[in-house]
Amino acid sequence: MDYRETLQAAWRRMERLTKPPRSLGHLEEVAVRLAAIQGRLKPELGLGAVVVAAADHGVVAEGVSAYPQEVTRQMVLNFLRGGAAINQFARVAECEVYVLDVGVKGELPQHPRLLSRKVREGTDNLAQGPAMSLEEAERALQAGREAARQAIAQGATLLAAGDMGIGNTTAAAALTAALLGLPPEAVVGRGTGVGEEGLRRKREAVARALARLRPGMGPLEVAAQVGGLELLAIAGIYLEGYEAGLPLVLDGFPVTSGALLAWRLAPGIREHLFAGHLSREPGHRRQLEAMDLKPLLDLDLALGEGTGAVLAMPLLRAAARILHMATFEEAGVSDRP
Ligand SMILES: O=C(O)c1ccc[n+]([C@@H]2O[C@H](COP(=O)([O-])O)[C@@H](O)[C@H]2O)c1
Ligand SMILES: Cc1cc2nc[nH]c2cc1C
């Protein structure tokens with residue numbers, strides 16, 4: 001059965017299950033979409049994986065983050081030791097954590113969970129010139145694909161991307177504004193918690209990057225102009241997961257900017273995307289609206305790392321189980337006359 005046929009058949013089965021119509025709300029749509037992705041009326045979800053892509057950003061020179069740049073590398077070490085929020089949530093969600101270095105400044109130790117594919121030690125400042133070359137953008141995207149392939153080979157049935165990069169909400173804002181044709185004010189937010197001055201500097205940096213873009217530029221050229229390396233990798237992670245036929249869970253603002261790029265490169269990916277949550281970052285709503293996706297959770301999170309995506313994994317598994325319920329006929333329960 002193809003996607004549309006399974007979707008329709010799953011909705012018909014949904015109507016016969018032992019519950020009043022639509023009483024499981026948005027989870028019903030999640031369930032039938034999972035069925036359609038897997039091409040079976042009773043979808044099954046096992047182990048999850050989150051690939052946390054990490055890189056640094058030259059735009060931090062503009063004073064756009066509340067934290068110093070070295071936090072990117074320090075947090076990668078924290079992920080590898082299991083001490084970050086993503087590690088704790090992943091345990092609850094039966095999800096493996098993989099880390100991908102595509103551009104962290106400084107050295108990182110070898111580790112079985114770390115894929116080292118440093119394209120360069122951070123981007124150039126997007127407010128001053130191109131963040132990276134087109135060739136570097138392609139390499140970062142391929143590194144994301146490779147990390148996703150590894151996660152899938154190790155048994156992932158549900159795939160999310162996470163992000164770590166001080167300054168990346170500025171790059172994500174520029175990428176989102178460019179891909180969706182929005183002004184800086186619509187996509188710039190406080191990130192890790194900048195004040196009014198920081199907000200102004202972020203808007204200014206994004207406006208300068210947008211001014212360099214030309215109408216004929218393709219999505220990858222635009223991404224090379226604004227960065228960041230981990231956002232390109234995130235696009236690669238989702239593209240690989242899509243081609244492998246997996247359901248894909250989105251996280252917050254930076255991750256969803258990478259997903260927007262993947263969507264521009266392969267519009268069919270939309271069918272595989274699930275919005276794990278709605279971030280506090282104001283531009284996230286615009287991103288999800290553009291792809292017509294409804295967030296599963298709304299918890300005022302603004303952390304990244306893939307935390308909102310991983311928290312939604314148990315909900316996706318529960319949604320899949322809906323289609324394993326008994327029908328009115330099977331259970332001998334009286335339906336409406
Ligand atoms: O996921 C989100 O929506 C989100 C919102 C705000 C901040 N972050 C995280 O904070 C870092 C970027 O914030 P900033 O202020 O340095 O641009 C980066 O590591 C992101 O993972 C993430
Ligand atoms: C401590 C810290 C942890 C993070 N995780 C993702 N982004 C982050 C930014 C900071 C500053």
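Helices are DSSP runs of H or I with at least four residues, numbered from the N terminus. In those terms, α6 gives the shell around ligand 1 its largest share, three residues. The model described here is predicted.

The shell around ligand 1 holds 24 residues. Ser-65, Gly-191, Gly-252, Ser-279 and Gly-304 come nearest to the ligand. Three elements each supply at least two residues of this shell: β4 (158-164), α6 (168-180) and α11 (253-265). By class, the shell around ligand 1 has 12 polar, eight nonpolar and four charged residues.

Ligand 2 has its own surroundings. Tyr-67, Val-71, Met-75, Met-164, Thr-192, Leu-303, Gly-304 and Glu-305 surround it. Five residues of this shell are nonpolar, two are polar and one is charged.

An unreviewed UniProt entry annotates Glu-305 as "active site". The residue sits in the loop between α12 (283-290) and α13 (307-322). Glu-305 has 28 other C-beta atoms within 10 Å; the cut-off for a buried residue is 20 or more, so Glu-305 counts as buried. Beyond its neighbours within four places in sequence, Glu-305 is in contact with Val-52, Ala-84, Ala-85, Ile-86, Gly-162, Asp-163 and Met-164.

Six strands form an open sheet. Their order is β3-β2-β1-β4-β5-β6, and the pairing is parallel. The edges are taken by β3 (114-116) and β6 (273-275). Each edge strand has a single partner, so one side of each is left without a neighbour in the sheet. On average, neighbouring strands are turned by 25 degrees against each other, direction ignored.

At one end of the order, β2 (residues 95-103) pairs with β3 in the parallel sense. Three bridges link the two strands. Asp-101 has Ser-116 in β3 as its bridge partner. Helix α4 (residues 85-92) lies across β1 (48-55), β2 and β4. The helix runs at about 150 degrees to β2.

Most residues other than glycine have a negative phi, and most peptide bonds are trans. A cis peptide bond joins Gly-227 and Gly-228, with omega about -10 degrees. Gly-228 lies in the loop between α9 (219-226) and α10 (229-243).

Arg-22 is not a glycine, yet its phi is positive, at about 60 degrees. Arg-22 is placed in the loop between α1 (3-16) and α2 (25-38). With 11 other C-beta atoms within 10 Å, Arg-22 is exposed, because the cut-off for that class is 12 or fewer.

Asp-292 also has a positive phi, near 55 degrees, and is a residue other than glycine. Asp-292 lies in the loop between α12 and α13, and the loop between those helices also holds Glu-305. Asp-292 has 9 C-beta neighbours inside 10 Å and so counts as exposed, whereas Glu-305 is buried.

Terms used:
Residues are numbered from 1 along each chain as its sequence is written. Chains are lettered from A and ligands numbered from 1 in the order in which they are written. This is a predicted model: local features need pLDDT of at least 70, side-chain atom pairs count only at pLDDT 80 or more; totals for chains, interfaces and linings use all residues. A residue is near a molecule or strand if its C-beta atom, placed from the backbone, lies within 6 Å of it. Ala, Val, Leu, Ile, Met, Phe, Trp, Tyr, Cys and Pro count as nonpolar, Asp, Glu, Lys and Arg as charged, and the others, Gly among them, as polar. UniProt positions are given in the numbering used here, feature names are shortened, and annotations may be inferred rather than shown by experiment. Two residues are in contact if their C-beta atoms, placed from the backbone, lie within 7 Å. Two strands pair if DSSP finds at least two bridges between them. Axes are lines fitted to C-alpha atoms, for helices over the stretch in contact, and angles run from 0 to 180 degrees between N-to-C directions.
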